[in-house]
Amino acid sequence: MKISDLKRDLGMTLVEMMVSTACGSILLAAVVIAGVALQRSFGSVESYSVAEGDQLRVLDYIALDCRRAVKGTVGALTTPTIGNGSWTGGTWVTQPYYRTGGAWTVDSTKPSTLILSLPVYYASGTGSIVTPTLSSGTLSYGSGSVTVCYYQDSTDSTFKREVVLQDSTGTVTSDTITTIARNVASFTVTNQDLTSTISSTIMFFPTFKYTTGTGTWRSGPSTPADTLGVDGDMYVIDPTSATASAVGNVYRRLGGSYSLLQNVKATTVFCNTFLRNASARQ
Amino acid sequence: MKTLSSSYPHNEQASVLITTIMTMTILAMICATSLYITSQNITGGMQAASWQQSLTAAESGVDRAIRALNTGDWGNWKRAGTATLPVAEPTATAMATASPIAGPDSTHYLYFPSASSTLAAAASNSPEGSNTTAYWVTVDTAGMTTLQDPNGKQWYRIRSTGKAYLPGSIRSSMSRLDNDLRNTIGLKFDRKLSAATNTLQAYTAGQEGPTRSIEVIMSPIVTGGWARPITAGTGVQMSGGGSVGSFNSNNVPAPYQWTAAYEDHPGNGGIAIVNNTTNSDLRGTSVNGSLQYSGSTVKNTSGVSGTVSTPFNGSLTATVNPNTSGFAATDIMTQQYGSAPSLTVFNSVTPNYTAYAGGSPPVASITVNGNKNNPDYIKITGDFTVPGGKTFTITGAGANRYAVIWVTGKFTTSGSGQVLQDANSNITWIVDNDITVSGDTYNNASGHAAAVQFIGVGAHKFTDSGSATFTGTLNAPGYDATISGSGDFTGAIIANTVTISGSASVHYDDALGVQNASSVGNYAFASWFEDNSDFTRKDIGGNKLLY
């Protein structure tokens with residue numbers, strides 16, 4: 001074989017180029033598609049796992065506090081102080097107060113705020129366990145009060161746990177708010193009788209199923225009005241709906257109007273906790 | 001075969017390799033990241049599952065302690081020579097194991113070791129999560145004394161720590177929130193002991209895993225005798241007016257009646273319901289004492305000053321007619337007479353009791369000559385009625401005279417009719433039908449509830465109405481008792497249901513002998529708390545982990 005022939009063979013014919021380019025493109029496209037699919041799948045699984053973790057955490061937190069509560073109620077105070085949860089005055093009431101954006105708001109249609117009172121089990125300062133005292137049949141731990149509050153903050157779709165410690169004079173000595181879950185669509189305490197159990201329903205946005213991109217997740221009891229939000233927003237019917245079968249309906253806003261995508265039921269968790277302390281059952 | 005031209009630059013040949021290596025590196029990093037995230041998710045799931053398992057173990061420990069308290073069987077428990085509870089699980093071998101072991105007292109706590117409660121999965125099952133659970137429990141008095149209990153009984157504190165052992169490398173979730181909730185008190189480290197010693201204390205190898213601790217205060221539930229003002233079989237209904245409290249008639253000047261100045265604080269005004277099946281509702285009525293019940297939840301108990309607890313495992317002793325052998329066994333009779341009198345006298349062929357036919361009233365007056373151990377016996381066959389304008393006078397022949405009067409029909413006082421019982425007499429009425437009485441129509445001159453005792457037999461009604469205080473007791477476990485009007489009831493009530501309407505109050509008389517007449521039927525939760533703190537660590541918000 002001549003060298004000069006070899007040099008000529010280094011080139012490719014147009015047909016060869018077209019075939020190789022086509023094959024390469026197909027292979028590359030397949031790889032890209034597979035990669036994107038795998039990424040989306042992994043993203044969905046990850047979102048599902050995170051959502052499940054959030055759900056378990058919320059359930060465990062509520063169950064933990066309900067079991068050890070000595071009093072439970074739904075609502076807030078008649079004279080709530082806005083700002084950092086310093087609701088130290090007023091009288092406990094049930095609806096219509098709820099908490100949003102660090103403030104108490106009156107709206108009976110809004111989600112519940114679950115308020116639990118715990119015994120003052122830890123000594124202030126040291127954190128050591130307080131020895132209970134008994135006086136003529138009345139048991140008590142430390143003085144003051146411990147109040148744990150659960151609520152959905154509708155401004156950022158988070159679910160918060162607020163712990164307020166007060167001393168014997170009613171002065172707030174500690175007020176901590178922790179976001180324990182995100183993407184919460186609704187929170188309702190379904191059994192406000194509180195006779196023996198506290199039944200809570202927490203609905204999460206199905207973020208593992210649908211992503212909004214730059215849009216926003218919203219929720220409500222009925223089909224959304226087209227004037228709500230912007231294109232790309234998602235909307236889900238939450239458990240406050242009067243129509244049970246509609247709960248979980250997911251809508252997307254495109255072209256200025258909402259259209260139903262699918263009913264997604266798997267994002268609502270229920271917490272039904274028996275109140276261990278008989279004094280909490282009313 | 002082609003030969004590469006020398007005109008091709010060498011760096012172009014290497015770029016393929018570099019590109020390949022970079023691509024593979026990126027893919028490997030993506031893969032590793034994915035696997036790491038997935039691994040963390042699995043770890044978080046396992047952590048949550050084990051955390052639940054340790055709670056189940058801790059609750060089992062509480063149940064074991066309650067059983068031991070209720071039965072007095074402290075088998076397999078250890079008795080420590082101190083009342084100071086340990087921070088970490090103590091060493092069992094250093095403790096007494098004498099059988100039967102004595103219960104906890106002011107200088108000893110009892111301890112149940114985890115070695116006796118360990119449940120391990122068989123190796124052949126190859127569990128992927130926790131393979132072993134265990135708990136250790138302590139029971140002590142927490143410094144509480146019998147003097148602090150209205151009935152003179154001992155309260156106890158139970159602390160139970162449940163553990164779920166995780167095999168292999170112990171890892172906690174990457175989620176700080178999860179760790180704040182579920183990593184407290186340690187996955188790998190004994191955080192309580194670490195806090196106590198101010199140094200990290202690792203668990204014994206092979207025993208790492210989440211632990212959860214529960215503290216329960218158990219209150220004694222007394223049964224028998226006049227243990228409290230109201231003991232109901234199936235329910236209590238209150239109006240929200242009036243109150244339930246206690247005082248001691250022996251500490252009150254004549255006429256020994258309750259006044260607010262002599263109210264006990266805190267009081268013995270307890271209420272017990274054997275099995276609440278009638279939707280009991282206290283409606284916020286002030287109860288200067290405790291509430292114990294079984295069955296459905298009692299509503300609106302905010303007025304209860306003492307402890308609300310459940311269950312109440314007591315029972316009501318059925319009352320029977322005095323011509324049956326079971327009658328003498330009723331503890332209420334024993335309480336009044338010191339020892340139960342033999343009432344088989346009512347079966348005598350030749351009656352050695354005084355008999356009357358029913359009437360309105362059957363006789364205008366009687367004189368009581370009997371004493372506590374040998375009371376007078378009177379049987380009224382039919383209804384006993386004191387209508388308006390009539391009186392029935394009971395006079396003791398001397399101090400501390402006793403009589404038992406058996407009415408086979410109804411007992412009724414009404415209008416201006418009156419039973420006038422002097423201060424020397426102590427009367428036990430045994431009634432086989434409805435009882436209608438009031439403070440206006442029954443004048444108990446002694447002022448002491450123990451002097452007038454009604455025993456209702458069967459399932460009938462008891463009605464106390466009017467504006468004056470009735471002083472006496474009612475032991476009628478089959479009766480539906482109603483107290484209406486503004487007249488108070490001083491004494492104690494045992495009935496199937498108790499309804500208090502209007503503004504009437506019930507005043508328990510401590511002189512009925514609460515402390516001596518009752519016994520502990522069982523123990524019930526007075527407080528339940530899970531300790532999930534870790535004061536040595538800060539949460540995601542920078543706050544110390546307490547609640």
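Axes are lines fitted to C-alpha atoms, for helices over the stretch in contact, and angles run from 0 to 180 degrees between N-to-C directions. On this basis, helix H2 (residues 14–68) of chain A runs at about 20° to E18(A). The helix lies across E13 and E18 of chain A. The model is predicted.

Chain A contains two helices and 18 strands. Of its 282 residues, 40% are buried. Among the contacts in chain A with a separation of 6 or more, 51% link residues 24 or more positions apart.

Three strands of chain A form an open sheet in the order E12-E13-E18. Their pairing is antiparallel. Strands E12 (184–189) and E18 (268–274) of chain A stand at the edges. Each has a single partner strand, so one side of each is left without a neighbour in the sheet. From one strand to the next, the twist averages 15°. Strand E13 (residues 197–204) of chain A is joined to E18(A) by seven bridges. The two run antiparallel. Across this pair, Thr201(A) stands opposite Phe270(A) in E18(A).

The contact between the chains takes 42 residues from chain A and 52 residues from chain B. On the side of chain B that touches chain A, four elements of chain B each supply at least two residues: helix H1 (10–71), helix H2 (176–182), strand E12 (308–309) and strand E28 (519–531). The largest share of this side, seven residues, comes from E28(B). By class, the side of chain B that touches chain A has 24 polar, 19 nonpolar and nine charged residues.

Terms used
Residues numbered from 1 in each chain as written. Chains lettered and ligands numbered in written order. Predicted model: local features only at pLDDT ≥ 70, side-chain atom pairs only at ≥ 80, totals over all residues. Contact = placed C-beta atoms within 7 Å. Nonpolar A, V, L, I, M, F, W, Y, C, P; charged D, E, K, R; others polar. Buried ≥ 20, exposed ≤ 12 C-beta atoms within 10 Å, placed from the backbone. Pairing = 2+ DSSP bridges.
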